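Please read these points with the sequence and the structure side by side.

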Amino acid sequence: MADKSIFPPPDQADENGIVGMSCEIHPEMLIDAYSHGIFPWPFGDEYDFIPWCAPLERGVIPIEEFHIPSSFLREMKKLDFSLRVDYDFPAVIKACAAAERPEQEGTWITSQIIEAYCKFHKMGYAHSFETYDRAGNLIGGLYGISVGRIFCGESMFYKVSGASKFAFVKMVEILKTLGVVLIDTQMVTNATASFGAREIPSAEYICLLKKYGGKPLDFSDFTADCLE
């Protein structure tokens, strides 16, 4: 992990976990931010300044602690879905932006975020895990960022029940194959908690990032065909 950063260190975050603000966002800023435990989290108007965050408590799932809820394990056996990796990243991030979330007003995935992360994807940092039905329709998925042996989950969506959880479970299978040791969920929700997410102090997360962070992993072995 690089030592120098354009951002203040995470331990200088305010009570809301914000280390700084910017009026723009581009892939070079994202590379810097994720390598130092920071991520953008816009709120409010599309054209507001962009907050860069390092939460005081970080949601994580250590890979060895990941587990599938028994109720969903039974459901998975009945699902007639398939997974694709990085097949249509723009469609996934746009679907995440459009997803209704009762716990929040609007979306943090603004047009600036979509443009920046689509470029980030082309550079090999951002990846999408996509659920399709047998007719070939995109019905759920998620995207996130590869930071060495840490994977930073960003957002999920579903149009059919179970579709986002299916993508999440299949994603973890791939991450294990690649040697990922930690999934950064940023915060703990009911959905991520059911898979083993818990909070750790920001300082502990930064130590893990220094140990396991690095260049993005190569997902190309998983992008050719649909995975059952």
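1. pLDDT is the predictor's confidence in each residue, from 0 to 100. Helices (H or I, at least four residues) and strands (E, at least two) are DSSP runs, numbered from the N terminus. Among the elements of the chain, the lowest mean pLDDT, 89, belongs to helix 2 (residues 70-76), and the highest, 98, to strand 7 (residues 138-147). For the chain, the mean is 92, and 92% of its residues reach 70 or more.

2. This is a predicted model, in which local features need pLDDT of at least 70 and side-chain atom pairs count only at pLDDT 80 or more, while totals for chains, interfaces and linings use all residues. Residues are numbered from 1 along each chain as its sequence is written, and side-chain values use heavy atoms, with hydrogens and water left out.

3. An open sheet is formed by three strands in the order 1-3-2, with antiparallel pairing (two strands pair if DSSP finds at least two bridges between them). Its edge strands, each pairing on one side only, are strand 1 (18-22) and strand 2 (39-40). Strand 1 is joined to strand 3 (residues 50-53) by four bridges; Ser22 has Ile50 of strand 3 as its bridge partner.

4. A nonpolar core is a set of buried Ala, Val, Leu, Ile, Met, Phe, Trp, Tyr and Cys residues joined through side-chain atoms within 4.5 Å. Buried means under 20% relative accessible area, exposed over 50%, partly exposed in between (1.4 Å probe, protein chains only). The largest core has 46 residues, of which Trp52 and Tyr117 touch the most other members. Another core, of 28 residues, lies apart from it and includes Met76 and Phe219.

5. Gln186 belongs to strand 9 (residues 182-186). Why does Gln186 count as buried? Because its relative accessible area is 9%. Beyond its neighbours within four places in sequence, Gln186 is in contact (heavy atoms within 4.5 Å) with residues including Phe39, Arg58 and Glu154.
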